[in-house]
Amino acid sequence: MTEAKGTSASQVLRVFIAGEGRNELGRRSGSPAYQGERSDPGVIEALLRKVRPTGWEVSAAVDWKELRKFKARTGGRGDGANVAKAHLRAREHGCDVIAFVRDRDGVRFEPRESDIEAAIAELASAGAGPRVIGGVAIEKLESWLVALAGVSRSEALRRPEEHLAKQGIDGKDTAAMVAHVDEHGIHAVPEDAASLRRWLDRARAVLGADDVTSPPAP
Amino acid sequence: MIHSFRARHYGCLVDVDAALTPIHAFVGPNDSGKSTLLNGLRTLVQLAGDGFSFDGGKWAPFEPFLPADHPSYEHSGTELGCAVDGAWYTYVSELRHAVEQIGVGKLGASEPEPRSELRSVFEPSNVVPRGPNHGQWDERLYALREHLAAARLVRFDPDALRKPSGLIPETERVGFFDDRGYGLAGVFFALRNRDDGAFATVVEGVRRHFPTIRNLRVKAVTSSEVVLVAELADGTQVEAKRMSEGLLYYLAFAALQHLDPVSLLLVEEPENGLHPARIAEVMAILREVSKTTQVLMATHSPLVINELLPEEVSVVTRTPAKGTQVRRIHETPDFEARAKVYALGELWLAYANGTDEAPLLEGGPP
C-alpha cells in the first residue's frame, strides 16, 4: 500500500468528517456532550477505510445542521457556504483532510450540487488548509449504499431505502449500513453511480490509496 | 459623534474602553455589562445636558474642563472621546433619579424643567472639581456640549407601548415619555398633526409588512388621552391593548426615525418580539437614524449582527479578575478567515456559546 499523499510512513492523517447525522458520522454525530463513548463509525469512515484502511484517523466531526446559518429566506441554499464553514472548522481542529457528504435530496435541490462543487473547486484553487474529499450523494446516502451492492441506476431510484430494507437494513440502523459497506466494499460500484465514484476518486487522490481493486471501466 | 467611551468604577465597569461608530452593537453573554455600557453613555450625556458643578456659591452648567484623570471628554482634532467615572456617578445617579421622577409626561419639553427643587440633593463635596482651564469656554466647546445634550434610551416593553397616553403639545419635542416606549399613541398623534408625511410613511410600511392592516388611527379615549388603533382590511378596529407585540415593536421603531433628533440613541435588544425576517427591516430603520443620530445597542441576536459591518460590533465579556472588557469583533483571532465563510452574526454564535467565549476571543475551534 502506498502512503497517504503528503505524509510520511509515521504520520497519521487527521481527518475531519461532516455529514447530515448519525448514518454519516456514527457516534461522532451531535454535540460532543451527547456523543457516545463507543467508537461506532458511520458510513463516511467506513468508505474511507475501504479506500485506505490505515494511516489516518477521524479527529473531529460536525453535523451539517450545526454549521451556523442565520439568514432569512435562504432555505435550500447556502450549501457552498457550509462547505467553506466545515473546511474552516477542520482547519481550526488542525486536521489534514476534510471528508463530507451531503444528500442532494432530489431535483428540487439541484443547485446544491453545483454550489458544493464550486466550493470544492474554490478551496482547491486556494490550495490552503485541509484537503477535501467531498460531494453530494445523488440523491441520498442510501443511494450510495445500493450502488455499493452493484445495483445500476441507483441515482434514479426514488426510494433507495426500500432496496436496503429488503436486505434488512433499516434507515436508522447505522451499524447495519456500515456492515453493508464492509461486506460489499467499493469494488462493484456501477459506472452510473457517478456521484459516489467521484467521491471515491477524491478519497483515493487525497489518501493516496493504491486501490488495486478499483472497479474496471465497463 | 462619540468615537470612544471610557468608564471606570461604573457599575460592573471597572475600567473599560470602547471604540464606537455611528451605529454600533455590543454583543456578549448575559451579565457581561452591555446594558451598563449603555447606561454609562446615557449618564454621560445627561451629565452634559443636565450636569452641575458648584463654584463660588452657585450652580453652573456642565464644565468640560475637568482634571486629567477624570475627563468628561477629550477632544483631539476630529474625534470625541467621552468617559464616566464612579466618582461622578454617585451624584449623577442622584440627579438622574430626580430627573426621572419629574420627567414622566414631560420628556422633550422645549424649556428645561426648573431645577431649584433638585439642588438640595447635591452637596458641594459631591461635585467634580473644575480643572485648570476653568472659564476658557469657546464656541467649539459650546458646540460639543450642545452635541452631547441629549440621549434617548429605549428598551421597548409591549405593555408600555399599549397604554393610552397623553398628548404632546406642539411646542414640545416629540418623543416617548419613558425608556419603555410609553407615549407611543401620543407620538403618533403628534406625527399625524405635524403633517410632514411621517405618519403616512409609517402607515405605508405597516401595510407592506402587515398585510392584514389597512390603516392606523389615533383615537381619543378621554379629553386628554389617546390610543393607537389598527384598522384591518375588513374594517375591524383593533386597539393597541389587543395588538400583537410584533406590530407594537415595529410601530415603535418606525416612529423612532421621525422623533425630534437627539445626539445619541441607545437601544436595548432591538430584536425583541420581532419575526427574524423583520429584524433586517428594523436594522434598516436604525441605520437610517444613524445618519443623523449615533445609534448604540445591546443585543443577543445574530440576525441583528448580520446587518452590521465588522467594525460596528464589539464583544463584551466579564471576568472576576478584569471585570467587563470590550473588544471589537474584527480584532479577534483569525477574523479574516472566519469572516470569509460566516456572516457576522453566524461568526459570533459559531464561536461563542454564552458561557465560553474563548474560541472567539482567543482563537481555536469552537
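Guide: Over all chains, the structure holds 30 salt bridges. Keep in mind that this is a predicted model.

Start with one pair in chain B. The side chains of B:Asp31 and B:Arg318 meet in a salt bridge, 3.1 Å from N to O. This pair links distant parts of the chain, 287 residues apart. B:Asp31 sits in the loop between strand E3 (23-27) and helix H1 (34-50) of chain B. B:Arg318 belongs to strand E15 (residues 313-319) of chain B. B:Asp31 has a relative accessible area of 62%, so the residue is exposed. B:Arg318 reaches 40%, and therefore counts as partly exposed.

Next, find B:Arg180 and B:Asp157. They form a salt bridge, and their closest N and O atoms are 3.4 Å apart. Both residues lie in loops of chain B. For B:Arg180, the loop runs between strand E9 (165-166) and helix H5 (184-194). For B:Asp157, the loop runs between strand E8 (151-154) and helix H4 (158-162). The pair is 23 residues apart in sequence, so the bridge ties those parts together. B:Arg180 is partly exposed, at 32% relative accessibility. B:Asp157 is also partly exposed, at 22%. The cut-off for buried is under 20%, which is why 22% does not count as buried.

Move on to two strands. B:Arg214 forms a salt bridge with B:Glu231, and here the closest N and O atoms are 2.7 Å apart. B:Arg214 lies in strand E10 (residues 213-220) of chain B, and B:Glu231 in strand E11 (residues 225-232) of chain B. The two residues are 17 apart in sequence, so their bridge ties one strand to the other. What about exposure? B:Arg214 is partly exposed, with a relative accessible area of 39%. B:Glu231 has a value of 7%, so this residue is buried.

Salt bridges can also share partners. In chain A, bridges of this kind join A:Arg104, A:Glu113, A:Glu117, A:Glu139, A:Arg198 and A:Arg202 into one network.

Last, the cysteines. A disulfide is a covalent bond between the sulfur atoms of two cysteines. Over all chains, the structure holds 0 disulfides. A:Cys95 is buried, with a relative accessible area of 6%. B:Cys12 counts as buried too, at 15% relative accessibility.

Terms used. Residues numbered from 1 in each chain as written. Chains lettered and ligands numbered in written order. Predicted model: local features only at pLDDT ≥ 70, side-chain atom pairs only at ≥ 80, totals over all residues. Heavy atoms only, no water. Salt bridge = Lys/Arg side-chain N within 4 Å of Asp/Glu carboxyl O. Helix = DSSP H or I, 4+ residues; strand = E, 2+ residues; numbered from the N terminus. Buried < 20%, exposed > 50% of the residue type's maximum accessible area, 1.4 Å probe, protein only. Disulfide = S-S within 2.5 Å.
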